Amino acid sequence: MSDENKDQTATSGQKVGVYVCHCGGNISDHVDIEKVCENAKNIPGVVKVRDNVFMCSDPGQELIMEDLKSGAVDRVVVASCAPDLHETTFRNAITRADGNPYIYEHANIREQVSWVHHGEQATRKASRLVAAAAAKAKELKPLEPFRVDAKKHVTVIGGGVAGLRAAKDLADRGIEVALIEKSPFLGGWVSKWEHVFPTEDKVSDIISELTRDVLNDPSIKVYTCSHITAFEGFIGNFRLTFARKPPESDAYRDEIERLSASGRGMGEFVPFAGVYPAGIPESEEEHVLETGVIVLATGFRPYTPASGEYGYGEHKEVITLPDLIRIISENREQGGGESLVWNGKKIKSMAMIHCVGSRQIPGVHEADEKGNLHEYCSRVCCSATLHAANTIREAHPGTRIFDFYRDIRTYGRGQEEIYESASGNKVIFFRFEAQEAPEVMENTGPGGQPLRVRVKDTLTFGEEIEVPVDLVVLAVGMESNDVSDLVQMMKLPMGVDGFLQEVHPKLRPVEVAVSGILLAGTCQAPFDIGEACAAASGAAVKASATLGRGYVELDPPAWKPAITKAP
Ligand SMILES: Cc1cc2nc3c(=O)[nH]c(=O)nc-3n(C[C@H](O)[C@H](O)[C@H](O)COP(=O)(O)OP(=O)(O)OC[C@H]3O[C@@H](n4cnc5c(N)ncnc54)[C@H](O)[C@@H]3O)c2cc1C
Ligand code: SF4
Ligand code: SF4
C-alpha cells in the first residue's frame with residue numbers, strides 16, 4: 001500500500017478488502033488477475049488484496065471472514081461473477097463473521113469483462129470496475145434490513161401434479177394454501193395418461209391419492225375454473241385477484257362426461273363435491289387473496305404439429321402421442337385383443353416418429369408463426385414413446401411397431417430399461433438425421449395400408465427404406481403453456497425457450513428474479529412426473545422457509561413500503 005493510501009485510510013477509518021476471483025479459468029484466462037490485484041493495492045482506502053481460484057468456495061469465503069474477524073478490513077469488495085449469483089453468498093459470509101452485510105460491494109468482472117472482452121482491455125476494465133467498487137465501498141454505512149410482516153399463506157397457481165404436490169407439502173408445514181386451477185379438473189396432463197413410466201403406476205392411483213390429500217386438508221382451499229386477473233404487492237404481502245367463471249366451451253363438460261364414463265377421470269376419484277363437477281360456478285365470481293408467496297405451477301402443453309408436418313392434418317391416420325395414449329387406454333377398457341383397434345380398424349403396423357416439435361434446427365425446421373423454434377429436447381418423449389410401444393407390443397402382439405428416431409434419450413433411473421424392453425419386444429428401429437427426416441405419404445402400393453413412411457436409415461448406412469403402415473404417431477414435445485398474462489402482470493422472466501426462467505439452474509433453481517415468486521414443475525422446463533414433484537417440493541420448502549418467521553427481511557430501501565411494521 002502506498003503512503004498516500006495509508007494516510008487516507010487513517011483519516012476515513014475505513015479499511016477496504018478486495019477479493020478477486022479466478023472462477024477456475026473463466027475469469028483468469030482473459031483477465032490478468034495479478035495485474036488487477038497490483039492495481040487494487042494502489043486504490044485509496046484498500047488495505048488488503050487477495051485472490052482465490054473460486055471465491056464462492058468455503059476456502060474463498062474464509063479469506064473474507066478471517067480478515068473481518070481479525071479487524072484487518074471493515075469494508076469488502078468481491079470481484080467475481082454477476083451479483084445475482086453470489087452477492088447473497090458473500091453477504092452471508094460477512095454476517096457469519098459478525099459483520100454487517102451492507103458493508104459489501106460487488107464488482108462483476110466475469111459477465112461484464114472476461115465473457116465479453118479479452119487481453120489488455122479486459123484487464124484494464126476489470127481494474128476500473130474494482131476501483132469503482134472500492135470507492136463506493138469506502139462510503140458504505142452499516143444498515144439494518146427492513147422488516148415487514150408476511151402473510152403465512154401461499155397461493156399455488158396450477159393444479160397439476162406439481163401444484164398439488166407443492167400445496168400438500170406447504171400445508172404439512174403449517175402454511176395456509178390457496179390452489180388456483182383454471183380448468184374444472186385437478187391433476188393436469190398426468191390425469192390424461194394411463195399407466196406411467198418408469199414405475200407403471202396407474203395414474204388414477206397416484207393422482208387420486210394426491211388429490212384426496214389436498215382436498216381433505218383443511219389448510220388448503222381449492223378454486224377450480226379460476227384465473228388470476230390482477231396482481232400487486234411484494235414478497236410477504238402480495239394481493240391477488242382472481243375470477244371464477246363457468247367454462248367457456250362445452251369441451252370441458254364433454255371431458256367430464258368422458259372421464260366419468262371411462263371410470264378413470266376426475267369424476268371418479270375426486271371425493272369432493274365442491275370441485276367436480278358440481279363445483280363449476282354458474283356465474284362469474286371475483287375473489288381477492290392476501291398471500292405471502294406465489295408458486296407458479298402452470299405446466300406445459302404438448303406441441304401441436306403444423307398442418308402438413310409429417311402429414312399431420314392431411315391424413316387422418318397421422319396422430320400424436322397423447323392421442324395414442326388415449327387409444328391404448330380405450331383398448332384396455334374394451335378388454336384388449338390381438339391387434340390395437342383404432343376407429344374400428346385393426347392396426348397391424350404402426351410408425352412412431354421422435355422429436356416432433358423438439359430439437360429443431362435453424363435453417364432445417366420451420367419456425368412457428370411467432371418465429372420461434374423449439375431447439376431444446378423435450379426429455380420425456382423418448383421414454384413415453386417407447387413405453388407406449390412396449391404396452392402395445394405386450395397387450396396386442398399383432399401390432400408391429402416401427403420406431404423412427406434421431407437419438408434415444410431414455411435418461412432417468414429405470415428408463416434405459418424401457419429402451420431395452422422395446423428391443424426385446426421386437427420394436428424395429430430406424431435412425432434418421434435431422435436434415436433427412438422421414439417422409440409420410442399416401443400408400444398407393446399393395447397391402448391396404450393407407451400410409452407409407454420413407455426414411456434414409458443411418459443404422460444401415462443410409463439405405464432408403466419404405467414402410468407401409470396403418471397409423472403414424474408423432475412423439476410431440478412439450479412447450480410452455482401460454483402464461484403471457486401472468487408474465488406481464490408479475491414481470492416474470494422467460495427463457496428463449498418460452499419456459500419461465502429461474503435465477504440460476506443450480507444455485508437458485510426454483511426462484512425467479514421477482515422476490516417471493518417460485519417455480520414448480522413443467523412451467524420451468526420439460527420434466528417427468530418425478531422431476532416435477534421434486535421441483536414442487538423444493539418450492540414448498542423455499543416458500544415455508546421464507547414465511548416461517550412471520551416476517552420477511554428486505555434490503556434497506558431508498559423508499560418505504562406502505563405496509564410496514566417491525567415485530
Ligand atoms: C405424451 C406424454 C406422456 C407422458 N408420460 C409420462 C409418464 O409416463 N411418466 C412421467 O413421469 N411423465 C410423463 N410425462 C410428463 C408429465 O406429463 C409431466 O411431468 C407432468 O404433467 C407435469 O406436471 P405439471 O403439474 O408440471 O404440469 P401440467 O400437468 O401441465 O399441469 C399444469 C396445471 O396448471 C393449470 N394451469 C395452466 N395455466 C394456468 C393458469 N394461468 N392459471 C391456473 N391454472 C393454470 C393447467 O390447467 C394444469 O392443470 C408425459 C408427458 C407427455 C407429453
Ligand atoms: S461462480 Fe462467481 S464466485 Fe464462484 S468461482 Fe465463479 S466467479 Fe467466482
Ligand atoms: S426426448 Fe427423445 S423424442 Fe423427445 S425431444 Fe428428446 S430426443 Fe427427441
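Analyst: An axis here is a line fitted to C-alpha atoms, for a helix over the stretch in contact, and angles run from 0 to 180 degrees between N-to-C directions. The model is predicted: local features need pLDDT of at least 70, side-chain atom pairs count only at pLDDT 80 or more, and totals for chains, interfaces and linings use all residues. Residues are numbered from 1 along each chain as its sequence is written, while chains are lettered from A and ligands numbered from 1 in the order in which they are written.

User: How do you know where the axes of helix H2 and helix H6 stand relative to each other?

Analyst: From the fitted lines. The axes of H2 (residues 33–41) and H6 (residues 119–139) come within 9 Å and cross at roughly 35 degrees. Helices (H or I, at least four residues) and strands (E, at least two) are DSSP runs, numbered from the N terminus.

User: Which residues of H2 and H6 meet?

Analyst: Contact requires C-beta atoms, placed from the backbone, within 7 Å. On that basis Lys35, Val36, Asn39 and Ala40 in H2 meet Thr123, Ala126, Ser127, Val130 and Ala134 in H6. The contact residues split into five nonpolar, three polar and one charged. Ala, Val, Leu, Ile, Met, Phe, Trp, Tyr, Cys and Pro count as nonpolar, Asp, Glu, Lys and Arg as charged, and the others, Gly among them, as polar.

User: How do the axes of H7 and H15 run?

Analyst: They come within 8 Å and cross at roughly 35 degrees. H7 passes H15 in a right-handed crossing. Residues of H7 in the contact include Val161, Ala162 and Arg165, and those of H15 include Ile529, Ala532 and Cys533. By class, this contact has 12 nonpolar, two polar and two charged residues.

User: Why does ligand 1 lie where it does relative to domain 2 and domain 3?

Analyst: Domain 2 (153–299 + 481–554) and domain 3 (302–478) both give residues to the shell around ligand 1, so ligand 1 lies between them. The bounds come from an automatic or database domain assignment. That assignment also gives domain 1 (3–139). The centres of domain 2 and domain 3, over C-alpha atoms, are 31 Å apart. Across their contact, 11 residues of domain 2 touch 18 residues of domain 3.

User: What makes up the shell around ligand 1, by class?

Analyst: A residue is in a shell if its C-beta atom, placed from the backbone, lies within 6 Å of the ligand. Ligand 1 has 39 such residues, and the closest are Gly158, Gly160, Gly188, Gly299 and Gly521. The shell divides into 22 nonpolar, 14 polar and three charged residues. Among the elements that supply at least two residues each are H7 (161–172) and H15 (529–547).

User: Which residues are the closest to ligand 3?

Analyst: Cys355, Ser358, Cys377, Cys381 and Cys382, out of 13 that surround ligand 3. Strand E19 (349–356) and helix H12 (381–395) each supply at least two residues of that shell.

User: What sets Cys355 apart in phi?

Analyst: Most residues other than glycine have a negative phi. Cys355 has a phi near 60 degrees, which is positive. Cys355 sits in E19.

User: What makes E22 and E24 edge strands?

Analyst: Strands pair if DSSP finds at least two bridges between them. The open sheet has the order E22-E23-E24, with antiparallel pairing. E22 (439–442) and E24 (463–469) each pair on one side only, and both are edge strands. The twist averages 25 degrees from one strand to the next.

User: How many bridges do E23 and E24 pair over?

Analyst: Seven, in the antiparallel sense. Val453 has Val467 in E24 as its bridge partner.

Definitions and conventions. Two residues are in contact if their C-beta atoms, placed from the backbone, lie within 7 Å. A crossing is left-handed if the near helix is turned anticlockwise from the far one by less than a right angle, and right-handed if clockwise.
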